[in-house]
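Visitor: Hi, could you walk me through this structure?
Guide: Happy to, here it is.

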Amino acid sequence: MMEEIVLIPAYMPDKKLITAVFELWEAGLGIMIIDDGSGSVYDPVFEAVASKAEVIRFSENRGKGAALKSGFAAIRERHPECR
């Protein structure tokens with residue numbers, strides 16, 4: 001049961017995302033990442049964090065606001081115990 005989840009909207013992320021996810025996971029936090037249409041070139045980055053974070057991928061860029069709204073809705077749906 002996750003009490004706290006960090007929501008990360010990501011568009012064309014570099015390897016810093018991998019480092020951040022592993023640090024947050026080691027701190028005991030849940031992580032949800034919204035890939036805002038980065039494309040298949042970024043598959044290796046998202047695959048590298050998939051064991052530590054929930055990753056939701058959009059096929060096209062919708063913008064940061066839409067990514068955040070979708071992420072908050074997914075957290076409410078999948079983790080109602082989360083604050």
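What follows is a short chat about two residues and their surroundings.

Guide: This is a predicted model, where local features need pLDDT of at least 70, side-chain atom pairs count only at pLDDT 80 or more, and totals for chains, interfaces and linings use all residues. Residues are numbered from 1 along each chain as its sequence is written, and side-chain values use heavy atoms, with hydrogens and water left out.

Visitor: Where does aspartate 36 lie?
Guide: Aspartate 36 is in strand S2, residues 30–36; strands are DSSP runs of E with at least two residues, helices runs of H or I with at least four, both numbered from the N terminus.

Visitor: Is aspartate 36 buried or exposed?
Guide: Aspartate 36 is buried, that is, under 20% relative accessible area with a 1.4 Å probe, protein chains only.

Visitor: What about a salt bridge for aspartate 36?
Guide: Aspartate 36 has none, and the nearest side chain of opposite charge, arginine 62, is 5.7 Å away. A salt bridge needs a side-chain nitrogen of Lys or Arg within 4 Å of a carboxyl oxygen of Asp or Glu; Lys and Arg count as positive, Asp and Glu as negative, while His and the chain ends are not counted.

Visitor: Which backbone nitrogen lies 2.9 Å from a polar atom of the aspartate 36 side chain?
Guide: That of glycine 63.

Visitor: New topic: where is serine 38?
Guide: Serine 38 sits in the loop between S2 and helix H2 (43–49). Serine 38 counts as buried because its relative accessible area is 7%.

Visitor: How far apart are serine 38 and lysine 15 in space?
Guide: They are 14 Å apart, C-alpha to C-alpha, and 23 residues apart in sequence.

Methods. Buried < 20%, exposed > 50% of the residue type's maximum accessible area, 1.4 Å probe, protein only. Polar contact = N/O pair within 3.5 Å; in protein donor to acceptor, adjacent residues only side chain to side chain.
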